[in-house]
Amino acid sequence: MHPAKLITYFNLFFVLLPSVWIFDFFPQTNFYNVALDSKEKTLFLFYIFYITFQLIWLMFGSIKIRAPIFIIRPNIRFLAMGLIFISLATKLYLYSTGYHLIEDKYESAEKIPAVLQYINNSYLIGFSLFVVYYYKIKSVPESSAPIAFFRVMMAICIAIAIFEGRRFGVIYPILLAVAAQAYFGILNYRKLFKVGIIMISLFLTVTALRLAQAVQFASGLDATDISMVSIAQSSIDLEYTEFLNSIVSRLGNHIIVTNAIVDQIDSGDIEPSYNALSLAAYSIIPRMIWREKPSLSIGNTIGKELGLIHQKNERTKINPSWVGDAYYSMGYIGVVLAAVIFSILLRVPRMLFRQNTHLGGVVYAQSMLLIISGFQMELAFSLNNYIKYFIMVAFILFLLKLLSIKPYNFKAT
């Protein structure tokens with residue numbers, strides 16, 4: 001379950017299989033309209049990215065760096081809960097101003113303060129650290145793991161994602177737990193099927209809610225008339241073909257957007273208005289040092305250029321994926337460079353930890369998130385999140401070490 005395998009699974013389930021549905025069976029639906037003339041080139045770009053990633057991964061395979069073992073202490077429970085409370089307080093504030101709810105997706109947007117953007121989802125950092133700590137304990141025979149606390153945190157993380165209408169968000173906590181079990185060698189294959197059914201059910205439920213919301217909005221309802229109750233009621237009346245196309249459009253969104261980029265760039269309908277690789281370089285510089293730093297999120301801008309977002313819509317964003325973003329900026333060379341960066345980002349951290357350790361589990365968790373979710377997003381934006389994650393995790397681990405009253409035996413934790 002290392003990144004080289006994970007990206008292979010990703011290409012199978014998020015590129016190859018959805019592309020058959022999208023290009024060969026349903027190229028035109030209410031949710032997307034692909035250019036069949038650009039089908040082969042679109043898939044070829046993903047193939048170039050995948051092969052380049054694997055070649056770079058193999059080149060660095062023989063390099064080993066001896067690194068110290070870092071232990072996550074039991075007080076991670078208190079910090080994890082603290083981060084949850086911080087996130088909930090932030091979300092309640094955003095709720096009071098009309099942000100980040102499934103009902104207000106189509107309302108006019110106002111700029112959210114940068115500090116709120118940083119701490120809005122801090123609960124996921126606390127949860128990922130706790131999951132690594134929890135399953136490391138469970139991997140030790142006759143150890144006592146805080147099961148009740150784990151279940152409460154899992155429920156809170158899933159509930160937040162459902163409330164916000166984030167389809168990947170509802171399965172990410174469960175996927176993270178499964179990955180931690182696999183990493184520490186305690187995966188129960190009998191329970192894996194049940195877990196899979198739960199993840200699929202949650203994903204389909206949120207998809208139905210999001211789809212019903214879109215239908216209500218398209219029917220001309222005022223934003224004040226759209227509520228969770230009305231959305232839930234409308235979702236019951238959805239046709240199964242709409243439902244399936246909506247799911248595929250989400251799973252294969254990066255294919256659809258990349259196809260639009262290839263078609264319009266090659267035909268000369270649009271010209272690049274930004275360079276994703278330059279923005280990626282800017283992402284390394286903290287905004288506190290460079291206050292005029294340009295926005296790294298270009299999802300709304302490129303969505304309007306491609307005609308996928310209404311010109312008056314300032315909130316909705318699309319995810320071009322690293323492949324589409326790189327091709328938009330620099331063509332084939334951009335795709336190769338993006339693959340090199342992506343592979344190095346995932347390979348280097350794995351050189352800096354020991355297998356089956358706490359820090360190794362944290363790195364593995366973030367690698368999985370970057371491959372499954374970050375790869376589908378904007379290049380510079382997901383790279384910035386990846387870097388910030390490691391900075392915040394390093395700070396948290398350092399803080400936990402300072403707050404530790406007594407040392408703990410690594411074998412027991």
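1. A charge sits over a ring if NZ of Lys or CZ of Arg is within 6 Å of the ring centre and within 35 degrees of the ring normal. R347 meets this rule: it lies over the face of W57, at 3.9 Å from the ring centre. This is a predicted model, where local features need pLDDT of at least 70, side-chain atom pairs count only at pLDDT 80 or more, and totals for chains, interfaces and linings use all residues. Residues are numbered from 1 along each chain as its sequence is written, and side-chain values use heavy atoms, without hydrogens and water.

2. W57 also belongs to one aromatic cluster, with F10, F14, F46, F49, F53, W322, F342 and F375. Rings of Phe, Tyr and Trp (its six-membered ring) pair if their centres lie within 6.5 Å. The count comes to 22 aromatic pairs. F127 and F150 form a stacked one (planes under 30 degrees apart), with 6.5 Å centre to centre and 20° between the planes. F127 lies in helix α5 (residues 122-138) and F150 in helix α6 (residues 147-164), so the pair ties together parts 23 residues apart in sequence. Both F127 and F150 are buried (under 20% relative accessible area).

3. Helices here are DSSP runs of H or I, at least four residues, numbered from the N terminus. Helix α1 (residues 3-25) and helix α2 (residues 39-59) pack at about 175°, axes 11 Å apart. Axes are lines fitted to C-alpha atoms over the stretch in contact, and angles run from 0 to 180 degrees between N-to-C directions. The two helices, α1 and α2, are therefore roughly antiparallel (over 145 degrees).

4. I51 lies in helix α2. The C-alpha atoms of I51 and V336 are separated by 9.3 Å, though 285 residues apart along the chain.

Conventions:
Angles under 35 degrees count as roughly parallel, over 145 as roughly antiparallel, 65 to 115 as roughly perpendicular and the rest as oblique. Rings of Phe, Tyr and Trp (its six-membered ring) pair if their centres lie within 6.5 Å; planes under 30 degrees apart count as stacked, over 60 as edge-to-face and the rest as tilted. Buried means under 20% relative accessible area, exposed over 50%, partly exposed in between (1.4 Å probe, protein chains only).
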